[in-house]
Amino acid sequence: MTDLIRLAWLNTYRQKQRTAITAGTIALCTVLLILLFALSQGFVTHSIENFTASFTGKLQAHSDDYRETYDFYTAIDAPQPVIQAAQQLGLTPAPRSYGFGLVAAGNKSAGGMFVGVDPQAELAGFRLPGHMQAGQFIATQAQGQAMLGSLLALNLDVQPGDELIALVQAADGSMGNMLFTISGIFAPVGDEFDRSTVMLHLQDYDDLFYAQGRIHEISFNGPADTDLLAAKSALIKVAPELEIMTWQELYVTLALMAEMMTSYMLVFAVIFGLGAAIGVLNTLLMASYERLHEYGIMKAIGTTSVRLFAGTMLEGLFISLLGSVIGGIIALPLVLWLQDTGIDISQWMESMNVMGVAFDPVWRAHLTLEPFIMVPSVMAVLSLLAAVYPALLVSRLNPTEAMREH
Amino acid sequence: MSSPVIQLHQVTKSYQLGELEVPALHGIDLNINAGEFVAMAGPSGSGKTTLLNIIGALDDASSGKVLVNNEDISLFSAGKKSQLRRMQIGYIFQHYNLIPVLTALENTEYVLMLQGRAKQERHDIAMQLLAQVGLQGKEHHLPSQLSGGQQQRVAIARAIAPEPKLILADEPTANVDSHTAEGLLDLMEQLNKDKGCTFLFSTHDTAVMRRSHRLIWLKDGAVDYDGEPLGFALP
Ligand SMILES: Nc1ncnc2c1ncn2[C@@H]1O[C@H](COP(=O)(O)OP(=O)(O)O)[C@@H](O)[C@H]1O
Ligand SMILES: [Mg+2]
């Protein structure tokens, strides 16, 4: 076996120039694919991090039936244990309450979705409080302040400092109404959010809705590399009565898109890899014609067809691996540089805010092991497939004919 | 010393060239015993290579019987033929016998390697044989670093390494000068005497024919003379 491998390796080096060109092409393809992969992954992870860290969180807890009905009365009965458990896991929990009602300012009115938040928890764990168009986020002490979505503020024609009347149906069936001061206006996030969000201090929310401490949702943010499934099961252990979901479970389409990225990259790798495979095919075919006499001799003195077949296949594999290794070695520092420094795309994009949550004007790569394994594997598989034909030619050689003519 | 290594009964061979049938051998009967040192000669196209290929299981006879070591090789499968070539026959060809990327030592070891012999064992055998064929100190040379005569010596060492009963050589001296040819003949004769292995080699060189112990003269695909080399009046 080692002799077979050694001979194939020596043969790989034989026509140095031809091997160098083929392996070089494979190396170039490998570099391009790895960079493309790492940049795409950088974009996806950046987008997901933006999305989850803004307000959604990496995980959410609700009362078991809440997400089916969004019923005001289906609240989390005992939020404290799960909040404490999350903090111990290094997550930042934020309790939230929701309710619908009307808001009015001057002679204008609109429907609003009220969100009661703990400003301190939001500030500690999420980016949304910093995503302002005007004014300031609501103070950590409840003092009758409200934050508005940008479109809602536009529709009501209000500015920070203006007054806002809220009118809702309270928990006990009575009419709840309160006067708020607008502390700030969010920068655009997304249409639904911009059109309806009225964010209040939890205590003010409680007063308005007569909610008696009802919490509908706890959102947990955490570092990008948090093991979400482990965190989820740890939280379920503490609060089995709650429904705990990861962002992937909450936003299935988004998670699917992130996962499809790998499939797209696979398609790219196969397309590039086909080019590499043609190079391997060409190299091996030329080699087998040149070595006809030699292979004839080898077969005549008792080398089996299987051995000649395997030798040629190995040669194809070695050319491909040679290219992949060189490509990987070149790609690694480039990916690291793109991860650290990135590409400044601000000059090509008018605004970094159009798509909702703010995008970093620098596009960075994200280094993972995946492309360094996937790309060489695809190259190797396609090279092996390309090697089958020349390997069959060589193994089926008739030794007397091979020696007679060459 | 009379056990037959090669027995041919009415062996014929014709090549198919499109519609045309080209006869190469006509009813050859031949016995060669263990330990013989036989030259096969004849004009170009007389069928020497064809006959050697048939005996060496590289090609099939069109009809007749071919027995090597008392086994009818026409009944062998491709795998069994490959095994026969690997285990029982040594081959020396006219030129470019060696694998260019392997050293003299590795080339000599090659068939032993195919046989699955242990690394140390085959190394020792090859080292000793290379010394015997006069290539001490050249073990790690590549074929391209050796002269034509030296390359043929390596080919002889490779053929003899597994100690086969039969060594077939198709014009082994055709590409070397007469002085080198003499040296190769000395070596082959020496190995024939020391190891007792049977040599059957083709040639069209009269000096080489005279060195054989038995001369078979082929003419138009048939045996024209078979006997003492000195008793034959060369045409
Ligand atoms: N593959 C082949 N196809 C057609 N004819 C062949 C082939 N090989 C040999 N011959 C013919 O068979 C005859 C014997 O050839 P060969 O055995 O090579 O003779 P020698 O080795 O004595 O020169 C010649 O007439 C030659 O042209
Ligand atoms: Mg010939």
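## Legends to close-up views of a predicted two-chain model

**View 1. Helix 12 of chain A, an enclosed segment.** Nine of the nine residues of helix 12 (residues 292-300) of chain A are buried, so this helix is largely enclosed by the rest of the structure. Buried denotes under 20% relative accessible area, exposed over 50%, and partly exposed the range in between (1.4 Å probe, protein chains only). Helices (H or I, at least four residues) and strands (E, at least two) are DSSP runs, numbered from the N terminus. The buried residues of helix 12 of chain A include Leu292(A), Tyr295(A), Ile297(A) and Met298(A), and also His293(A), Glu294(A) and Lys299(A). After helix 12 of chain A comes Gly302(A), with a positive phi near 110°.

The model is predicted: local features need pLDDT of at least 70, side-chain atom pairs count only at pLDDT 80 or more, and totals for chains, interfaces and linings use all residues. Residues are numbered from 1 along each chain as its sequence is written, chains are lettered from A and ligands numbered from 1 in the order in which they are written, and side-chain values use heavy atoms, with hydrogens and water left out.

**View 2. A salt bridge between Arg14(A) and Glu294(A).** A salt bridge is a side-chain nitrogen of Lys or Arg within 4 Å of a carboxyl oxygen of Asp or Glu. By this rule, there are 22 salt bridges over all chains. In the pair formed by Arg14(A) and Glu294(A), the closest N and O atoms are 2.6 Å apart. This pair links distant parts of the chain, 280 residues apart: Arg14(A) is in the loop between helix 1 (2-12) and helix 2 of chain A, and Glu294(A) is in helix 12 of chain A. Arg14(A) is partly exposed, with a relative accessible area of 23%, whereas Glu294(A) is buried at 8%.

**View 3. The largest nonpolar core.** A nonpolar core is a set of buried Ala, Val, Leu, Ile, Met, Phe, Trp, Tyr and Cys residues joined through side-chain atoms within 4.5 Å. The largest such core has 54 residues, of which Leu59(A), Val82(A), Ile218(A), Phe220(A) and Leu235(A) touch the most other members. Helix 2 (residues 16-56) of chain A gives the most to this core, with twelve residues. Residues come from both domain 1 (2-52 + 254-405) and domain 2 (60-221) of chain A, so the core lies between them; the domain bounds come from an automatic or database domain assignment. Taken over C-alpha atoms, the centres of the two domains of chain A are separated by 52 Å. Contact means heavy atoms within 4.5 Å. Not counting residues up to four places away in sequence, Leu59(A) touches, among others, Leu91(A), Ile218(A), Phe220(A), Leu235(A) and Met245(A). A second, separate core of 48 residues includes Ile301(A), Leu52(B), Phe76(B) and Tyr91(B).

**View 4. Salt bridges of chain B.** Glu182(B) and Arg211(B) meet through their side chains in a salt bridge (2.7 Å, N to O). Glu182(B) lies in helix 6 of chain B and Arg211(B) in helix 7 (residues 206-211) of chain B, so the pair ties together parts that are 29 residues apart in sequence. Glu182(B) is partly exposed at 34% relative accessible area, while Arg211(B) is buried at 18%. A further salt bridge joins Arg214(B) to Asp226(B), with the closest N and O atoms 2.9 Å apart. Because Arg214(B) lies in strand 9 (residues 214-219) and Asp226(B) in strand 10 (residues 222-227) of chain B, this pair ties together parts twelve residues apart in sequence. Arg214(B) is buried, with a relative accessible area of 13%, and Asp226(B) is partly exposed at 38%. Salt bridges with shared partners join Glu182(B), Asp186(B), Glu189(B) and Arg211(B) into one network.

**View 5. Two loop residues of chain B with positive phi.** Most residues other than glycine have a negative phi. Asn69(B), although not a glycine, has a positive phi of about 50°. Asn69(B) is in the loop between strand 4 (63-68) and strand 5 (71-72) of chain B and counts as buried at 16% relative accessibility. Glu171(B), also a residue other than glycine, has a positive phi near 45°. Glu171(B) is placed in the loop between strand 7 (166-170) and helix 6 (178-195) of chain B, and at 10% relative accessibility Glu171(B) counts as buried.
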